[in-house]
Amino acid sequence: MTQDDSFLERMTAFQGRLYGFVLSLLGDADQANEVLQETNLVLWKKSDEFQPGSDFKAWSFRVAHFQVMAFRQRQVRDRLVFDEQALEKVYREAMDVDTVFEQKKERLDECVESLSTGSQEVLTRFYVKGESLREIGAVLNRKANSVGQTLFRIRKALIECVSDEKWGNDGI
């Protein structure tokens, strides 16, 4: 058995204990798995530094501890911290987007109401009930292709209605 084989056996034998140690330091299973993988890489790269006959557990736990500390440092550095002005700006923009969405939805509802009953039925069957063009065609005694063309014309009419000048087409 080569020194590499012996080292690999020790490393494999301690995986559960190393994982438990790292998990106890981090308290998060996903983070512990990530740090364990990093620890394994470091252990393997430094395998020539390990002295056969010395305490593998103590050495590997020390390496794992350093990897946990490095992981925590990265977490602190990677955290985005926004000042109050930035948070206020994000909040205002989110509120504006919500207002625009609500205005578009109201316009669309009014436009749908202005459609014929038949067009509303096709929209409901396709978008609300999830029926296929073929299923709608069977109910309406039409070909699927014809129903598809009808949906195309309805969509076009709704787009025009929602963006019509009478709504003050303000880019919404």
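This is a predicted model: local features need pLDDT of at least 70, side-chain atom pairs count only at pLDDT 80 or more; totals for chains, interfaces and linings use all residues.
Residues are numbered from 1 along each chain as its sequence is written, and side-chain values use heavy atoms, with hydrogens and water left out.

The secondary structure comes to eight helices and zero strands, where helices (H or I, at least four residues) and strands (E, at least two) are DSSP runs numbered from the N terminus. Among contacts (heavy atoms within 4.5 Å) between residues at least 6 apart in sequence, 64% join residues at least 24 apart.

Val63 belongs to helix 4 (residues 56–78) and counts as buried, at 11% relative accessibility. Leaving aside residues up to four places away in sequence, Val63 touches Thr39, Val42 and Leu43; the C-alpha atoms of Val63 and Thr39, 24 residues apart along the chain, are separated by 6.6 Å.

Helix 6 (residues 117–128) and helix 8 (residues 144–162) have axes that come within 10 Å and cross at roughly 105°. These axes are lines fitted to C-alpha atoms, for helices over the stretch in contact, and angles run from 0 to 180 degrees between N-to-C directions. Helix 6 and helix 8 are therefore roughly perpendicular to each other, the term for angles of 65 to 115 degrees (under 35 is roughly parallel, over 145 roughly antiparallel, and the rest oblique). On the helix 6 side, Ser119, Val122, Leu123, Phe126 and Tyr127 meet Val147, Leu151, Ile154, Arg155 and Leu158 of helix 8.

Rings of Phe, Tyr and Trp (its six-membered ring) pair if their centres lie within 6.5 Å, with planes under 30 degrees apart counted as stacked, over 60 as edge-to-face and the rest as tilted. By this rule there are 10 aromatic pairs. One of them joins Phe126 and Tyr127 edge-to-face, at 4.9 Å centre to centre and 90° between the planes. Elsewhere, ring pairs link Phe7, Phe14, Trp44, Phe50, Phe56 and Trp59 into a cluster.

The table gives the accessibility of the two paired residues.

| Residue | Relative accessible area | Class |
|---|---|---|
| Phe126 | 25% | partly exposed |
| Tyr127 | 47% | partly exposed |

Methods: Buried means under 20% relative accessible area, exposed over 50%, partly exposed in between (1.4 Å probe, protein chains only).
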